[in-house]
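Hi,

Here is the structure I promised to pass on. Have a look at it first, and my notes follow below.

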Amino acid sequence: MQAWRNAFQSQLSKEVSVAGVTLARFIWAWPIAAGYLIGLYLWQSVALPTFTVEFVLYIIGASVMQILATALLVKLFKLKNFAVGAGLAKSEALVAAVLGLCIFGTQLSVLGWIGVSIGGVAVFMMSSRQGLRDISLSTALIGLTCGSAFALTSLWVREASLSLSLPFPHRAAWVLLLVISLQTLILLGYIIVKERATLAGLWQRPRQTILISTTSCLGSVGWFSAMSLQAVPYVKTLGQVEVFFTLFIAMFWLKERVKIKDMLALILIALAAILVMWS
C-alpha cells in the first residue's frame with residue numbers, strides 16, 4: 001500500500017504543490033480510519049480510552065512530524081524520480097534502529113551494525129546522479145531528514161499506543177484516527193490561508209486524491225498495528241520489503257528508467273534491513 005501511495009503521490013507532485021500532495025494523503029483517510037475503528041467496536045466492544053497529557057503530546061508530535069516527513073518525501077520526488085526518492089526516504093528504518101538503541105535501549109549485534117552501514121552507503125549512492133564521485137549532499141540530507149522525521153513519527157506513535165489501556169488492535173486504531181484527523185485539520189488550515197488554489201487543484205483530481213488517501217490509510221493501519229505490537233526498529237526493517245514493490249512500480253507502471261546503480265542501492269537497502277532484523 002505504501003509503495004502504491006508513493007507512486008500516486010509522485011504523479012500528483014507534477015501537478016500540485018507540496019502542501020497539496022501532502023494533504024491528499026490525509027484528506028479522505030480519516031473517514032476510512034473512523035470506519036475501521038467503528039468496525040472494531042462492532043466486532044469486539046471494549047471501553048472507551050482515557051487520554052492523558054502524555055498521550056496528547058505524543059499524538060501532536062507524531063502528527064506534525066509525519067506532515068514534515070511527507071512534505072520532504074514529495075520534495076524528493078520533485079528532485080529525482082519516484083524510485084530514488086522513495087529509496088532515500090528508506091533511511092527511516094536505519095534511523096529508527098539508531099534511535100531505538102539510544103532511547104529504548106535496543107541492542108544491535110555486529111551483524112546489525114554492518115546492516116546499518118550498508119544502508120547508509122546505499123542512501124548516499126541513490127542521491128548521486130553520476131555515481132559516488134558526484135554525490136548530491138543536498139539530496140542526501142533531505143532524504144536523511146525525511147527518514148528521521150518518519151522514524152520519530154513511528155516512535156511516538158508506538159508510545160501513544162502503549163499509553164492507552166486498551167487491547168490490540170483498538171489502541172492502534174484510536175491513535176491512527178486521532179493522528180490523521182489532526183493532520184487533516186492542520187494542513188487544511190494552512191492551505192486555506194496560504195494556498196486556496198491548491199484545494200481547487202485537488203478537487204479537479206478526485207481519482208488521484210482518493211487513491212492516495214485510501215492506500216495511505218490502509219498502509220497506516222498496518223504500520224500502526226504492527227508498531228503497537230513490536231519495537232519500531234524491527235517493524236521498519238521488515239517493512240523494507242517495500243523497496244522491491246517500489247522498483248517494480250517505477251519500472252513497469254510509471255515507465256521510469258531506473259539506473260543500474262539505483263537498482264543496486266535498492267537491493268543494498270533491502271539487504272541492510274534483513275541484516276538488522278536477522279541480528
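On confidence: this is a predicted model, with a mean pLDDT of 82 for the protein and 87% of its residues at 70 or more. Among the elements, helix H3 (residues 29-43) has the highest mean pLDDT, 95, while helix H5 (residues 82-89) has the lowest, 63.

As for the fold, the protein has 14 helices and zero strands. If you count contacts with a separation of 6 or more, 84% of them are between residues 24 or more positions apart. Of the 279 residues, 56% count as buried. The accessible surface comes to about 12,600 Å², and carbon and sulfur atoms hold 70% of that.

Now for something to look up on that surface. Phe-51, Val-53, Val-56, Leu-57, Ile-60, Val-64 and Ile-186 form a nonpolar patch there, with about 600 Å² of accessible area together. Which helix gives the largest share of the patch? That is helix H4 (residues 53-79), with five residues. Val-53 is found in helix H4, and it counts as exposed because its relative accessible area is 64%, over the 50% cut-off.

Val-121 has a relative accessibility of 44%, so it counts as partly exposed. Its C-alpha atom is separated by 9.9 Å from that of Ala-272, although Val-121 and Ala-272 are 151 residues apart along the chain.

Cheers

Methods:
Residues are numbered from 1 along each chain as its sequence is written. This is a predicted model: local features need pLDDT of at least 70, side-chain atom pairs count only at pLDDT 80 or more; totals for chains, interfaces and linings use all residues. Side-chain values use heavy atoms; hydrogens and water are left out. pLDDT is the predictor's confidence in each residue, from 0 to 100. Helices (H or I, at least four residues) and strands (E, at least two) are DSSP runs, numbered from the N terminus. Buried means under 20% relative accessible area, exposed over 50%, partly exposed in between (1.4 Å probe, protein chains only). Patches are made of residues with over 30% relative accessible area and no salt bridge: like charges are joined within 9 Å, nonpolar side chains (Val, Leu, Ile, Met, Phe, Trp, Tyr) within 5 Å. Accessible areas come from the Shrake-Rupley method with a 1.4 Å probe; for residues, only the protein chains shown count as cover. A salt bridge is a side-chain nitrogen of Lys or Arg within 4 Å of a carboxyl oxygen of Asp or Glu. Contact means heavy atoms within 4.5 Å.
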